[in-house]
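Have a look at the model first.

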Amino acid sequence: MHYQKKHLFIISIMLFLFSFKTMAQKDYKLWLQYDKKTNAELVSKYFKDVQGIVSLGNTETSKIASNELQLGLQNMLGKDIQVNSKIEGDKNIIIGSKAFLSLEIQKEIGNFEVINDEGFIIKSISIKNKNYIVITAKKDVGVLYGVYNFLRLIQTDKSIKNLNIADAPKTNIRILNHWDNLDRTVERGYAGFSLWNWQKLPGFIDQRYIDYARANASVGINGTVLTNVNANALILTPQYLEKVEALANVFRPYGIKVYLTARFSAPIEIGGLKTADPKDADVANWWKNKAAEIYKRIPDFGGFLVKANSEGQPGPQNYGRDHVDGANMLADAVAPFGGVIMWRAFVYSEHDANDRAKQAYAEFVPYDGKFKDNVIVQVKNGAIDFQPREPFHPMFGAMPKTPLMMEFQITQEYLGFSTHLVFLPKLFQEVLASDTYQKGKGTTVAKVIDGSLTKTKLTGIAGVSNIGNDLNWTGHPFAQANWYGFGRLAWNPELDSEVIADEWLRCTFSNEENFIKPVKDMMIESREAVVNYMTPLGLHHIMDTGHHYGPGPWVSNLSRPEWNPTYYHKADKNGIGFDRSKTGTNATSQYAPEVEKIFDNLETCPEQDLLWFHHVSWDYKLKNGQTLWNGLALKYQEGVNQVKDMQNTWNKTEKYVDADRFKEVQMLLEIQYKEAKWWRDACLLYFQQYSGKDLPAGVEKPTQSLEYFKSLKFPFAPGN
Ligand code: GCV
């Protein structure tokens, strides 16, 4: 009896560990699940076209590509797939870059000039009555991208008959910005600690580094900035560069370049100089030597990302110089090695009484055309700071002679951390599709940043990473979709977010249509939901201070006026909203005349941006006939209802999803629902003090007082 009990105990422990492991594996595997196909008809179709793999390359990258193809096919089709190095037999998948293909095959493939150096071609060909699928490219990394694309066809149940695909990335720098500190905390990170274990590097290579590189490569991300823009100069010391080198070696075969953030005052802090003045010859030399030192270790080092003279970070202005002086000095240092400088335009000053939303444009636009060729200016998607909705940043329409790159935030600093399900590609797409009218109708932000408009050689998109050492990488299983979607949009800024959601769901969960349809709709709607329950009708920056967790529209006591929510919503007895029209700060004039006209006029301004651009009376009539007050309250309620709908949708998916992820998402949605109500109640109670009006029918009564909401404190909220 005793023996049996012990036995049972051991078995239950093993079962527990096993289930823990399966959960970890499912969550951990991201969109690369490669689940075995259950549809027998489909599998037999795939079987017919896939006998084996012929891998023609001989580099580390080509090995990764053939291993991935083998792994994916074996897992999904449930049969052994051999990898050969010679073309024998029929119905093989041939992978290899152009240089490895016979002239006969090259002829079948056709013109390689339809793709760029990172693009790929997948083509079904027939030679001497034998059929092949060829995955090829100009370079090995293109083959790797092609393999992921091919596997995605099978992952998403698409046909692999008569393939003729040529695809290439539209931007050249597709990069994650990690706001990771050297102590492994992550600024605005909600998925655990930093992946980079500096203490154990360079000797210990965590499998996670490899898996991270693989996941990025699978969506075409080709760069990573390892360190926080609020930079620490120590990363540039030999002690740390050795560690960076080890990471660069891991990432290289996956086509990923390493970049670092450069603290502008590093020559003083670690170089022993008296100044960091960019016009000082010793300073310029120090950076030149530092660049040479880095490139000696990491020949393909990408370059530096710099936050200068912003939120207390040092910069050229400390020495009476400007952004051009600073960026160009660094550009000279990395230019001999092919490096780039990504210079951030996220600047605003407490000494500038100007509307914060106008400051970056005012400061940077006069520099148009003055930066060196290897400088790209990194601009946040909107003029304030990654809010649930912002109109596109006016700089995108105003610097035709300067390469501009987009900075999105994948981590959800202002959108519910990693607790709220919000599908960000919908937000990204809205920005990218916005028309700047820089050169007439159709000159969208996407066209500005992919260089097709300005013909700049340097192009890029950065995403502030949402990755940490949580088991599931991103804290929320659905936040993985934001990493995935960022990569897909960086590759092609014109991709539709619905297509992305569809792909991601199929690769991550299931191809069942009864699952895909409702869950896809839920993802698409989730972005509008968060806008509605946090900042409807153009409200912005009304979160609690410091950690940015939860509502705080009442905050008005911070030393810098533009850090106070009251600065942004300007609620008073007469109404609410920030007048950025001609009668106000005239921020609308920073847009092209066609756009300016629309935003400036209360009648034509899209209601989603109303309170961003206008101060509007509580009785103002919205397009649906409601007064502004009632409309605002109803929007808050709508947001809450949308989360309830998301819960209902998810609750019906149990049979399509593994138990662990089902439960995880269910619990998170419950928290999101509570927090959506918190936002609604706190904001409406606060604004009601000014509107002096009752809540309209249909809006639930708050269950707590305003004082209660104001009293809530979160000293240990993450990411701060
Ligand atoms: C890295 C916001 C965030 C800061 C961040 C800054 C930036 O202000 O709250 O944490 O700092 O943006 O983008 O530089």
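How many cavities of 30 Å³ or more does a search of the whole structure find? The search turns up nine of them. Before going on, a word on the ground rules: this is a predicted model, where local features need pLDDT of at least 70 and side-chain atom pairs count only at pLDDT 80 or more, while totals for chains, interfaces and linings use all residues. Residues are numbered from 1 along each chain as its sequence is written, and side-chain values use heavy atoms, with hydrogens and water left out.

Rolling a probe the size of a water molecule over the atoms shows where empty space is left. Here the work is done on a 1 Å grid over the protein atoms alone: a cavity is a set of points where a 1.4 Å probe fits but cannot get out, a pocket is an open set with protein on both sides within 12 Å along at least five of seven lines, and lining residues have an atom within 4 Å of a point. Grid points are joined across faces, edges and corners, and a volume is the space filled by probe spheres set on the points.

**The spaces**

| Space | Volume | Lining by class |
|---|---|---|
| Largest pocket | about 500 Å³ | eight nonpolar, seven polar, eight charged |
| Largest cavity | about 120 Å³ | nine nonpolar, seven polar, two charged |
| Second largest cavity | about 90 Å³ | six nonpolar, three polar, three charged |

In that table, Ala, Val, Leu, Ile, Met, Phe, Trp, Tyr, Cys and Pro count as nonpolar, Asp, Glu, Lys and Arg as charged, and the others, Gly among them, as polar.

Start with the largest pocket. Its lining has 23 residues, and E118, V141, N222, G255 and K257 are the ones nearest its centre. Helix 3 (60-77), helix 5 (140-155) and strand 9 (257-261) each supply at least two lining residues; helices (H or I, at least four residues) and strands (E, at least two) are DSSP runs, numbered from the N terminus. Helix 5 gives the most, with three residues. At least three lining residues come from each of domain 2 (40-167) and domain 3 (173-508), with bounds taken from an automatic or database domain assignment.

Helix 5 shows up again at the second largest cavity, where it provides the largest share of the lining, four residues. Among the residues lining this cavity are F120, Y145, R152, D167 and W491. Domain 2 and domain 3 each give at least three residues here.

The largest cavity sits elsewhere in the list of domains: its lining draws at least three residues from each of domain 3 and domain 4 (532-578 + 615-711). Of its 18 lining residues, Y414, M534, H548, G550 and W679 lie nearest the centre, and helix 21 (residues 659-691) gives the most, with three.

**The ligand**

Which residues come nearest the ligand? Out of 15 around it, they are E187, K307, R344, K380 and E413, where "around" asks for a heavy atom within 4 Å. This shell holds four nonpolar, three polar and eight charged residues.

For E413 the distance is 2.5 Å, for K307 2.6 Å, and for R188 2.9 Å. The protein covers 96% of the 340 Å² of accessible area that the ligand has on its own, by the Shrake-Rupley method with a 1.4 Å probe.

Definitions and conventions:
A polar contact is a pair of N or O atoms within 3.5 Å; within protein, one must be able to donate a hydrogen and the other to accept it, and residues adjacent in sequence count only if both atoms are side-chain atoms.
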